Amino acid sequence: MSNSKKNYLPFCMWIIPLLFFTYQFILRLWPGLMMHQIMEQFSIDASHFGVLAALYYYGYSGMQIPVALMLERFSTRYVVFALILLCSLATLTFSYTSNWYLACLSRFLIGAGSAVGFLGVSKVVSEWFPKAQYARMIGFSFSVGLVGAIYGGKPVSLLVASYSWQQVILFLAAIALLIGLSAYLFLKSPLDFQSKENKQFKLSYFKTLLTSPFIWMLALANLLMVGSLEGFADVWGVSYLMTAFSLPKGEAAQLISFIFVGMLFGGPFLAFFSKRLGNYLVICLAGLLMAVAFLLLISSTEYNWYWFAGLLFIIGMMCCYQVIVFAAGAELVSSQLLGVTIALLNCINMLGGSFFHTIIGRVMDVFWTGAFNPDGTRLYTLESYKAALTLIPYCAIFGACLVGLLGFLLHYQRGREQTCAI
């Protein structure tokens with residue numbers, strides 16, 4: 001093999017799972033762009049829609065550790081292809097069914113298949129790139145992946161305006177299938193790559209991990225603070241802006257994308273300050289600032305594009321506290337527990353999405369005035385949205401305080417250990 005091929009082959013292998021990682025953000029976001037149509041199709045209220053949206057996160061979080069195990073024990077090519085195929089078939093099923101329970105199962109399976117997105121990228125990078133480049137490639141992959149979230153919303157909303165939502169979902173399923181076939185045909189491991197037994201994800205390690213109160217405090221705080229991203233940006237944000245300010249769906253989706261634009265810059269920004277101020281202080285401050293920006297957003301009564309874009313950008317930057325959470329979690333465990341710790345924190349993080357989607361939908365139904373749209377679906381007022389979305393900043397404040405308490409307890413514990421050592 002020529003040197004030029006050797007230089008380009010790792011990037012060719014990397015681009016295949018990266019395409020799906022980018023694309024799965026669209027699969028994650030599209031219910032929020034089709035909320036009214038889906039509620040009409042299945043004759044459901046906001047509570048049931050919240051459950052439907054939440055099922056993606058149950059599937060995604062539940063498959064984190066199983067997918068990591070499969071990637072270590074089987075060929076990356078087959079695992080990536082199988083889970084993308086599952087995702088495509090589940091999306092296809094959703095587009096054709098009129099059965100509520102089958103739609104729920106399909107949404108759950110879409111989340112389960114999407115779990116291979118980032119984990120597949122991580123595996124391919126570890127196989128094809130030197131260890132010294134791993135962190136850089138993962139960071140770059142995350143930035144590229146966010147492009148799907150930033151630019152995916154408006155095209156999908158435009159397609160929904162021109163075609164039926166079933167046709168749009170059918171199109172999304174076809175794209176996923178093409179990416180899966182590309183993985184099956186072209187993805188492979190290096191000839192000199194020798195799979196080693198993974199000692200990071202053994203189930204016996206869970207006993208040590210699950211008995212750590214510090215890990216659980218960090219995981220709970222992460223869950224409470226994730227509402228701006230996995231509750232608002234993923235599903236409820238577009239419909240809120242449309243209701244509050246009578247915005248077209250495309251413009252509302254474009255505004256929400258500023259959260260993801262902010263995330264492109266938030267990772268390096270927060271990482272810079274975490275080295276100087278410490279992980280726990282930065283996470284705490286990020287949660288508080290995110291809560292303040294969100295309260296300013298939902299308390300605004302007049303529409304100003306620049307004001308809203310700026311607030312959403314700040315919220316997005318502060319959402320990158322999650323990167324610092326993983327760094328803080330890594331400091332709490334030994335090296336052999338690192339992999340399973342990150343998987344557990346990511347699992348709880350994604351469960352935050354299901355928590356917020358479910359509770360927001362239920363609160364909206366509590367504040368429903370009894371009015372209906374002409375098509376028979378429930379009409380939710382601005383007051384219903386505000387009452388439900390106000391939970392997001394208050395949960396973020398509670399989570400930030402919990403992180404502050406955790407930082408204090410760890411500082412106190414280390415101080416005692418140093419005293420005893422003297």
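The legends below accompany several close-up views of a predicted model of one protein chain.

Local features are described only where pLDDT is at least 70, side-chain atom pairs count only at pLDDT 80 or more, and totals for chains, interfaces and linings use all residues. Residues are numbered from 1 along each chain as its sequence is written, and side-chain values use heavy atoms, with hydrogens and water left out.

**View 1. The chain as a whole, with its helices and its buried residues.**
The protein chain has 19 helices and zero strands, where helices (H or I, at least four residues) and strands (E, at least two) are DSSP runs numbered from the N terminus. Of the 422 residues in the protein chain, 54% are buried; buried means under 20% relative accessible area, exposed means over 50%, and partly exposed lies in between, with a 1.4 Å probe and protein chains only. Among contacts with a separation of 6 or more, 83% are between residues 24 or more positions apart, a contact being heavy atoms within 4.5 Å.

**View 2. The largest nonpolar core and Phe 232.**
The largest nonpolar core holds 133 residues, and those with the most contacts inside it are Trp 30, Phe 232 and Trp 236. Helix α1, which spans residues 3-33, gives the most to this core, with 14 residues. Such a core is a set of buried Ala, Val, Leu, Ile, Met, Phe, Trp, Tyr and Cys residues joined through side-chain atoms within 4.5 Å. In soluble globular proteins, nonpolar side chains tend to be buried together.

**View 3. Aromatic pairs, with two edge-to-face examples.**
A search of the whole structure finds 23 aromatic pairs; rings of Phe, Tyr and Trp (its six-membered ring) pair if their centres lie within 6.5 Å, and planes under 30 degrees apart count as stacked, over 60 as edge-to-face and the rest as tilted. Phe 21 and Phe 25 form an edge-to-face pair, with 5.4 Å from centre to centre and 65° between the planes. Because Phe 21 and Phe 25 are four residues apart in helix α1, they are separated by about one helical turn, and both Phe 21 and Phe 25 are buried. The pair of Tyr 56 and Tyr 57 is edge-to-face because the ring centres are 5.4 Å apart and the planes stand at 75°. Tyr 56 is buried at a relative accessible area of 0%, and Tyr 57 is likewise buried at 0%.

Arg 77 lies over the face of Tyr 184, at 4.7 Å from the ring centre, and Arg 276 lies over the face of Phe 272, at 3.8 Å from the ring centre. A charge sits over a ring if NZ of Lys or CZ of Arg is within 6 Å of the ring centre and within 35 degrees of the ring normal. Arg 107, placed in helix α6 (residues 100-114), is buried, with a relative accessible area of 1%. Leaving aside neighbours within four places in sequence, Arg 107 is in contact with residues including Leu 27, Trp 30, Leu 52, Tyr 56 and Phe 94.

**View 4. Ser 300 in the loop between α14 and α15.**
Ser 300 is found in the loop between α14 (279-299) and α15 (305-319), and it counts as buried at 11% relative accessibility. The side chain of Ser 300 reaches the backbone oxygen of Leu 296 at 2.7 Å, and it also makes a polar contact with the side chain of Trp 307, at 3.2 Å. A polar contact is a pair of N or O atoms within 3.5 Å; within protein, one must be able to donate a hydrogen and the other to accept it, and residues adjacent in sequence count only if both atoms are side-chain atoms. Apart from neighbours within four places in sequence, Ser 300 is in contact with Phe 245, Trp 307, Phe 308 and Lys 386.

Ile 26 is found in helix α1 and is buried, with a relative accessible area of 17%. The C-alpha atoms of Ile 26 and Leu 172 are separated by 8.6 Å, although these residues are 146 residues apart along the chain. Gly 267 has its place in helix α13 (residues 249-277) and counts as buried at 16% relative accessibility; its C-alpha atom is separated by 7.6 Å from that of Tyr 321, 54 residues apart along the chain.
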